[in-house]
Amino acid sequence: LSKGMKLTETNIRKFCYKKNHARDFMRTGEHGLTLCVTKEGGCFFRLRYKMHDKKNWYSIGEYPAISLARANSITIDLIQMISNGIDPNNQARIEKDTAKSVNDIVEEFLPLVLAKRKSGNSVRAATYTFNIIKKAIGHIDIKKLTREDIENRLILPNKDKVAQAKNIYSYLKRLLSHAIDQDYV
């Protein structure tokens with residue numbers, strides 16, 4: 001990305017994950033959104049902001065897990081937060097302390113599901129399916145779980161296994177209902 005080049009998906013793909021750049025570099029797009037590219041080709045989005053006369057960085061996420069459109073949307077939300085006097089990094093620390101990951105919710109919900117089943121295949125199927133969910137999206141905070149996460153990490157990898165995909169969908173739907181009932185989201 002030359003310094004005058006706009007941040008677009010096409011331009012970003014030209015540089016991300018291509019190794020042997022001469023050095024790390026950054027390019028800034030709209031609203032202060034910055035793409036950081038490492039020598040090894042890793043790419044991530046950050047926002048540079050100023051609060052209480054101090055300059056700070058807020059890490060938005062790694063590309064392509066976070067698309068440019070999603071990074072722009074997050075940036076706009078962060079700018080709104082900053083204009084309301086809320087420091088995004090402090091807010092992130094507070095949310096992290098109270099956050100529930102998908103893993104946490106599965107650990108809480110699985111015993112409830114298993115208690116309603118008799119031993120045998122249905123217990124193994126439920127446990128197996130929840131392990132797939134945990135492996136794919138378990139690390140994600142339930143409040144930050146997106147449709148893209150579910151589609152790209154759960155649905156698409158299992159699309160050829162129709163029965164398994166239906167099980168995943170069914171259990172995930174119940175898991176999310178449980179999270180809503182418990183006011184986690």
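This is a predicted model: local features need pLDDT of at least 70, side-chain atom pairs count only at pLDDT 80 or more; totals for chains, interfaces and linings use all residues.
1. Start with strand β2, residues 33–37. This strand is mostly covered, with five of its five residues buried. L33, L35 and V37 point one way from β2. T34 and C36 point the other way, and these too are buried. In a regular strand, side chains alternate between the two faces of the sheet.

2. On one side of the pairing scheme is β1, residues 25–28. β1 and β2 run antiparallel and are joined by four bridges. M26 stands opposite C36 of β2. The two strands form a hairpin with four residues between them. H31 sits in that turn and has a positive phi of about 60 degrees.

3. β2 also pairs with β3, residues 43–51. The sense is again antiparallel, over five bridges. Here T34 stands opposite R46 of β3. This hairpin has five residues between its strands, and G41 takes a positive phi near 100 degrees.

4. The largest nonpolar core has 23 residues. V102, F130, I133, I137, L154 and L175 touch the most other members. Helices α4 (102–115), α5 (121–137), α6 (147–155) and α7 (162–181) each supply at least two residues of this core. In soluble globular proteins, nonpolar side chains tend to be buried together.

5. Look at L175 in detail. Setting aside neighbours within four places in sequence, L175 is in contact with V102, I105, V106, F109, F130 and I133.

6. A separate core of 21 residues lies apart from the largest one. Its members include F45, L47, A71 and I74.

Methods. Residues are numbered from 1 along each chain as its sequence is written. Side-chain values use heavy atoms; hydrogens and water are left out. Buried means under 20% relative accessible area, exposed over 50%, partly exposed in between (1.4 Å probe, protein chains only). Two strands pair if DSSP finds at least two bridges between them. A nonpolar core is a set of buried Ala, Val, Leu, Ile, Met, Phe, Trp, Tyr and Cys residues joined through side-chain atoms within 4.5 Å. Contact means heavy atoms within 4.5 Å.
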